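Hi everyone, thanks for coming.

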Amino acid sequence: GRDLPPLCLDVRQKQRMSMDTLPQEPKAPFPPEPSLPIRTKTVKDFQDDMEKSKASGDWKAVHNFYSTTFDSFLEINAAFKRDTSSPFNTIEDSGIDAKFVNVVYDALLNTPQDVQKSVLKGIINGLLQEWTGPRTKDDLRAYCILLQNPQFSNTSTYVIYAHLLRQIAALTEADHHFLVHWSKKISQKRFKQVVDRLLQFISLRLFPAKPEEFPPMVKCTWWIPSATKVLALFNAANSLISPSIISYTDFYNSTLDHIDLMEEYHNWQCYGNSHRFSFCQYPFIISIAAKKVIIQRDSEQQMISIARQSLVDKVSRRQKPDMNMLFLNVKVRRTHLVSDSLDELARKKADLKKKLKVTFVGEAGLDMGGLTKEWFLLLIRQIFHPDYGMFTYHKDSQCHWFSSFKCDNYSEFRLVGALMGLAVYNSITLDIRFPPCCYKKLLSPPIVPCDHNTLVGICGVTLDDLFQIMPELAHGLSELLSYEGNVEEDFYSTFQVFQEEFGVIKSYNLKPNGDKIPVTNRNRKEYVQLYVDFLLNKSIYKQFAAFYYGFHSVCASYALLLLRPEEVEILVCGSPELDMSALQRSTQYEGYQKTDLTIRYFWDVVLGFSLDLQKKLLHFATGSDRVPVGGMADLNFKISKSETSTNWLPVAHTCFNQLCLPPYKNKKELKQKLIIGISNAEGFGLE
């Protein structure tokens with residue numbers, strides 16, 4: 001962490017403004033609610049009015065309803081509050097009649113223009129009202145309802161929309177707390193519509209299709225910060241529910257991929273979370289592809305700085321500069337792969353952020369990317385082999401976890417961490433199967449502490465985390481929690497657990513004198529939590545700490561503060577979502593044309609494969625069944641013509657993402673040979 005460039009403000013001390021954590025519900029007294037007008041129209045009454053208006057062409061009743069309802073915040077509450085006599089002052093219940101709101105908004109865009117204009121006019125009146133004191137809960141309800149207005153999808157309403165967002169963004173933290181909790185009760189469909197509208201608003205303000213539609217940017221610099229802050233409230237609401245309402249990727253704004261992200265990043269580094277706005281204060285909105293660019297460029301800048309200093313030192317000593325100083329040059333023997341790799345990375349700590357080049361001793365050839373990938377594949381295969389003893393493979397969850405066996409040297413765990421970091425910086429997708437919990441621990445904390453006595457890799461873990469690694473054990477503990485009998489008498493357990501290490505059973509107390517404390521109905525929750533913490537944190541602390549320091553020795557960057565654990569996994573292992581049509585569009589050919597019959601047969605077969613067979617094909621050809629952050633195009637997949645007999649199976653060069661395909665005579669033969677080949681490829685199928 002000390003190798004990082006200094007910050008003007010200590011970002012490590014600042015909370016990310018992603019609204020992931022919320023303050024406790026405030027206990028401040030509520031301002032009195034003004035009395036509401038009496039409005040008795042029901043959903044059915046409104047629907048009847050709509051039907052009559054459509055049939056007769058007379059929209060007077062509907063026009064009156066809309067113009068009255070949206071004329072003020074009080075009228076909005078009078079129409080849409082379930083019970084106007086109840087205060088609804090809690091975060092649990094907003095008191096909004098969601099069905100009525102949805103019906104009114106769904107009908108709005110099908111009404112004449114004068115009706116729609118009356119709604120916007122009423123909203124302007126409400127927003128222009130002078131505020132003399134704190135907002136009431138009725139005001140917050142009105143904001144919550146107005147945010148769902150579908151009219152704000154139209155750019156002609158953006159000036160009004162911007163002022164609405166500005167007022168909501170300027171609310172107190174206590175008011176935001178209520179809006180967050182009320183927002184999580186909105187239906188998934190409506191929730192996503194609001195999020196999409198906010199994202200569209202930001203995109204079109206950044207890159208307007210018709211700039212003349214909006215005020216000059218200098219006069220509305222507050223538009224984007226206001227919209228982003230409101231979006232943060234919805235992100236917070238989304239993260240409060242498990243499973244979340246929508247995917248975290250639905251908050252990505254791909255338009256930001258086209259702005260100067262490094263300027264955003266440097267502003268954030270220099271000004272932290274002060275009054276100067278940066279999208280990096282709200283990392284949930286930045287796509288994984290954009291975050292990868294930030295991380296890699298940040299590393300490159302650190303690398304260039306180091307290389308420049310090395311060059312200056314050489315010149316000052318009147319030594320001839322060597323171009324190899326610009327690379328991390330790793331020379332290894334195939335017969336001593338792990339030990340040589342450990343020695344090389346340990347000796348060249350200062351070069352870890354440089355571009356990687358691998359040489360296998362005694363073999364001719366320049367590393368154009370293929371040797372680097374082969375080095376990764378061979379190392380991963382060897383280190384994760386069960387006989388090596390570093391990691392345990394759990395068949396039920398199909399993932400690896402750290403072996404809890406004690407040893408004298410944990411440097412090989414550091415090597416695995418460094419490998420993962422190098423893979424991120426060199427755009428190599430690794431075929432590693434760690435559970436999500438691993439990446440959560442890897443960001444605990446995201447910046448390496450300066451004090452080496454500080455614990456690292458320790459995070460809050462739950463039974464859900466254990467389910468993803470050891471589902472059978474987690475199920476047993478879940479049964480213990482729900483057991484209705486006498487736990488102490490029937491289970492006869494204590495706060496002591498046992499583990500086998502090299503054939504010897506060892507016992508560990510989960511708390512002081514744990515072997516003397518029985519597990520009872522009253523303390524079983526504590527027992528389960530301590531047991532999960534022991535398995536996922538304490539029993540593997542030294543192994544994981546070495547792994548953590550290895551990863552951060554390469555990836556030490558404040559940019560890691562921008563990442564979610566799921567995003568770290570995608571950077572390391574790629575995305576599990578396959579798009580074979582995208583692969584077809586980006587595939588290169590050698591010896592074939594894309595119009596050749598064999599190639600047409602191939603894609604007909606592959607596009608008709610099940611997802612499982614498509615994954616097997618990708619794994620067979622590239623060494624991994626996952627897709628790089630940049631999508632299928634980043635694979636640089638190539639199909640080459642094999643001049644061998646058509647009796648042969650296809651062959652893959654995984655180091656080059658290349659499939660060698662004989663010119664099979666018909667589709668049936670190609671499908672048969674391809675399925676045999678991809679279904680019986682052991683290990684990495686290296687050529």
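Let me start with a question: at roughly what angle do the axes of helix α8 and helix α10 cross? The axes of α8 (residues 173–183) and α10 (residues 223–240) cross at roughly 55 degrees and come within 8 Å. For the terms, axes are lines fitted to C-alpha atoms, for helices over the stretch in contact, and angles run from 0 to 180 degrees between N-to-C directions. Helices are DSSP runs of H or I with at least four residues, strands are E runs with at least two, and both are numbered from the N terminus.

Before going on, a word on where this comes from. This is a predicted model, in which local features need pLDDT of at least 70 and side-chain atom pairs count only at pLDDT 80 or more, while totals for chains, interfaces and linings use all residues. Residues are numbered from 1 along each chain as its sequence is written, and side-chain values use heavy atoms, with hydrogens and water left out.

Back to our pair. α8 and α10 are oblique to each other, because angles under 35 degrees count as roughly parallel, over 145 as roughly antiparallel, 65 to 115 as roughly perpendicular and the rest as oblique. On the α8 side, the contact (heavy atoms within 4.5 Å) uses His-176, Leu-179, Val-180, His-181 and Ser-183, and α10 brings Leu-233, Phe-234, Ala-236, Ala-237 and Leu-240. Sorted by class, that is seven nonpolar, three polar and no charged residues. Here Ala, Val, Leu, Ile, Met, Phe, Trp, Tyr, Cys and Pro count as nonpolar, Asp, Glu, Lys and Arg as charged, and the others, Gly among them, as polar.

α8 has another partner, helix α6 (residues 137–146), which packs against α8 at about 50 degrees with the axes 10 Å apart. That angle makes α6 oblique to α8, and this crossing is right-handed. Lys-137, Leu-140, Arg-141 and Cys-144 of α6 meet Asp-175, Phe-178, Leu-179 and Trp-182 of α8. By class, the α6 contact with α8 has five nonpolar, no polar and three charged residues.

Now to helix α13 (residues 337–347). Which of its residues are buried? They are Leu-337, Val-338, Asp-340, Ser-341, Leu-342, Glu-344 and Leu-345, where buried means under 20% relative accessible area, exposed over 50%, and partly exposed in between, with a 1.4 Å probe and protein chains only. The buried residues of α13 pack against β1 (327–332), β2 (355–360), α14 (370–383) and α15 (411–425).

Finally, some backbone details. Most residues other than glycine have a negative phi, and most peptide bonds are trans. The bond from Ser-242 to Pro-243 is cis, with omega near -5 degrees, and Pro-243 lies in the loop between α10 and α11 (261–271). The Ser-444 to Pro-445 bond is also cis, with omega near -5 degrees; Pro-445 is in the loop between α16 (436–442) and α17 (463–467).

Gln-398 is not a glycine, yet has a positive phi of about 55 degrees. Gln-398 is in the loop between β3 (391–394) and β4 (399–402), and counts as exposed at 53% relative accessibility.

Notes
Left-handed = near helix turned anticlockwise from the far one by under 90°.
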